[in-house]
Amino acid sequence: MATIRSAVRAATRASVAPRFATNIGSVQAVRAFSSSTARLSVREKEVPVTTWPATKDGPSSIPVIPKKQSEFEVDAAENEEVHPLTQEAYNKMSPTMQKMSVHGKTIIITGGARGLGNHMARACVEAGAANLVIFDANQELGEAAVRELYEKTGLPVTFFKVDVRDEDAINAAVDRAVEMYGIPDVLVNAAGIADSNIKAEEYDSKMFRRLIDINLNGTFLVSQAVGRRMIAAGKPGSIILVASMSGSIVNYPQEQSCYNASKAGVIQFGKSIASEWAKYNIRVNCISPGYMDTALNRVPALEAQKKIWRSLTPQNRLGAVDDLNGLCVFLASDASGFMTGSNILIDGGYSCY
Ligand SMILES: NC(=O)c1ccc[n+]([C@@H]2O[C@H](COP(=O)([O-])OP(=O)(O)OC[C@H]3O[C@@H](n4cnc5c(N)ncnc54)[C@H](O)[C@@H]3O)[C@@H](O)[C@H]2O)c1
C-alpha cells in the first residue's frame with residue numbers, strides 16, 4: 001500500500017508549490033489518485049438481513065442510502081455538556097462496564113486546558129474520576145477549564161499553572177496534588193506544541209530545541225515526577241502519553257522533522273519506561289493521533305494542506321476533538337490491565353496506506 005502514497009506524492013510533487021499554500025488544482029490531483037476513490041467504487045444498493053429467531057417473512061434486505069460527501073466532514077461543534085458518573089449509575093453498571101470506568105481514580109492531565117487534553121479530562125470525569133488535576137502553561141484557559149468542570153459536575157478539580165519544561169514547578173505541583181488528593185492513579189501527558197512547514201536545512205536550532213524541550217523532555221519530566229511518587233508509595237498506576245502518528249510516519253506534504261522526531265522519542269520513551277516500571281505495576285501506553293480538528297490545526301494557512309490530509313486518510317476526515325476520549329478512558333481503566341508499552345494509532349486509517 002505504500003505505493004499508493006508514493007503515487008500520490010509523485011503526482012503532486014511535480015505541480016504543487018513547496019508549501020501547498022493555496023494550490024487547489026494540485027489538491028484535486030491528489031484526490032483523483034487517492035485510494036478513497038477506489039474504496040468507494042464498490043457500492044451495494046441493498047444489504048441482505050437475516051434475523052434469528054427467523055421472522056415469518058424470512059430474509060429481507062434494507063436499502064442503502066448513499067451519504068453526501070459533506071456528511072463525512074467532522075462536526076466541529078463541541079459538546080459542552082459534562083455528565084459525571086454518579087455512584088448510583090456506577091452501581092447499576094455490569095462488572096465489565098465498571099472495569100472500563102475510572103471510578104474513584106485521581107487523574108493528572110497535562111495540557112488539559114484546551115483541545116485533546118481538555119476533552120480527555122471531560123471524558124475522565126464522565127467515566128467516574130474522583131479528582132482531576134490539570135497542569136497547563138496557559139493560566140487563563142486552565143482556570144476557565146477547571147471552573148467549568150467544577151460548575152458542571154461538582155467534582156474537585158484543580159489547575160496548576162505548570163510549564164512542562166520546568167522541573168521544579170512540576171515537582172511542587174505534583175507534591176501539592178498528592179497532599180490534596182493522594183497519589184495519582186493516572187497521568188495523561190497531552191501538553192505539546194507543533195511546528196510545521198519548516199525545512200530541516202532551514203530549521204532554527206533554538207526552535208528545534210524548544211519543541212524537543214516541551215514535547216519530549218516535558219513528557220520525561222512529568223512522567224518521572226509522577227512515576228517516582230507511584231513507585232515510592234507502591235501504588236499501581238497508568239501513564240498515558242499522547243504521541244502522534246508522526247512518531248511512526250513522516251507527514252506529507254509539510255516538512256516537520258522536529259515534531260516527528262519529538263513524537264518518535266515519546267513513543268520510544270514510553271516503551272522504555274513501560275518495561276522498567278512494569279515491576280512496579282505502572283503501565284505506560286501511547287496514544288498516537290492522526291490529524292485532529294483542534295486549534296493546533298485551525299489556522300487559515302493550513303486549509304489547503306488539510307484537503308490533502310483528508311484525501312490521504314481512508315475515513316476522509318480529520319479526527320474530532322473528542323475522538324481520543326474512549327481510548328484514554330480505556331487505558332486509564334483497569335480493563336486495560338494487561339496493556340503496557342503499546343502505541344495505539346487513532347488516525348482514521350491514515351497509516352494504512
Ligand atoms: N491536533 C492534532 O492534529 C494532533 C495530532 C497528533 C498529536 N497531537 C498531540 O496532542 C496533544 C494535544 O494537542 P492539541 O491539538 O489538543 O493542542 P492544543 O494546542 O489545543 O492544546 C495543547 C495544550 O498544551 C498546553 N501546553 C503547550 N505547551 C505547554 C507547556 N510547555 N507546558 C504546559 N502546557 C503546555 C497548551 O496551553 C494547551 O492547553 C499534543 O501533544 C499534540 O502534539 C495533536
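**Entry 1: H6 and H7.** I first looked up the axes of H6 and helix H7 (residues 139-153), which come within 12 Å and cross at roughly 20°. That makes H6 roughly parallel to H7. For the record, axes are lines fitted to C-alpha atoms, for helices over the stretch in contact, and angles run from 0 to 180 degrees between N-to-C directions. Angles under 35 degrees count as roughly parallel, over 145 as roughly antiparallel, 65 to 115 as roughly perpendicular and the rest as oblique. Helices (H or I, at least four residues) and strands (E, at least two) are DSSP runs, numbered from the N terminus.

I noted the crossing of H6 and H7 as right-handed; a crossing is left-handed if the near helix is turned anticlockwise from the far one by less than a right angle, and right-handed if clockwise. From H6, Asn118, Ala121, Arg122 and Val125 meet Ala145, Glu148, Leu149 and Thr153 of H7, where contact means heavy atoms within 4.5 Å. By class, this contact of H6 with H7 has 4 nonpolar, 2 polar and 2 charged residues. Ala, Val, Leu, Ile, Met, Phe, Trp, Tyr, Cys and Pro count as nonpolar, Asp, Glu, Lys and Arg as charged, and the others, Gly among them, as polar.

**Entry 2: basis of the values.** I record that this is a predicted model, in which local features need pLDDT of at least 70 and side-chain atom pairs count only at pLDDT 80 or more, while totals for chains, interfaces and linings use all residues. Residues are numbered from 1 along each chain as its sequence is written, and side-chain values use heavy atoms, with hydrogens and water left out.

**Entry 3: H6 and H12.** I then took H6 with helix H12 (residues 325-332), whose axes come within 9 Å and cross at roughly 55°. That makes H6 oblique to H12. The contact is made by His119, Met120, Ala123 and Cys124 of H6 and by Asn325, Cys328 and Val329 of H12. I count its residues by class as 5 nonpolar, 2 polar and no charged. The crossing of H6 and H12 is right-handed.

**Entry 4: H9 and H10.** I found that H9 and H10 pack at an angle of about 15°, with their axes 8 Å apart. H9 and H10 are therefore roughly parallel to each other. H9 passes H10 in a right-handed crossing. Their contact has 12 nonpolar, 8 polar and 1 charged residues.

**Entry 5: the largest pocket.** I looked up the volume of the largest pocket, about 980 Å³. Of its 46 lining residues, Ala190, Gly192, Ile193, Ala194 and Leu296 are the closest to its centre. On a 1 Å grid over the protein atoms alone, a pocket is an open set of points where a 1.4 Å probe fits, with protein on both sides within 12 Å along at least five of seven lines; lining residues have an atom within 4 Å of a point. Grid points are joined across faces, edges and corners, and a volume is the space filled by probe spheres set on the points. The lining divides into 23 nonpolar, 16 polar and 7 charged residues.

**Entry 6: backbone.** I noted a cis peptide bond from Tyr252 to Pro253, with omega near 10°.
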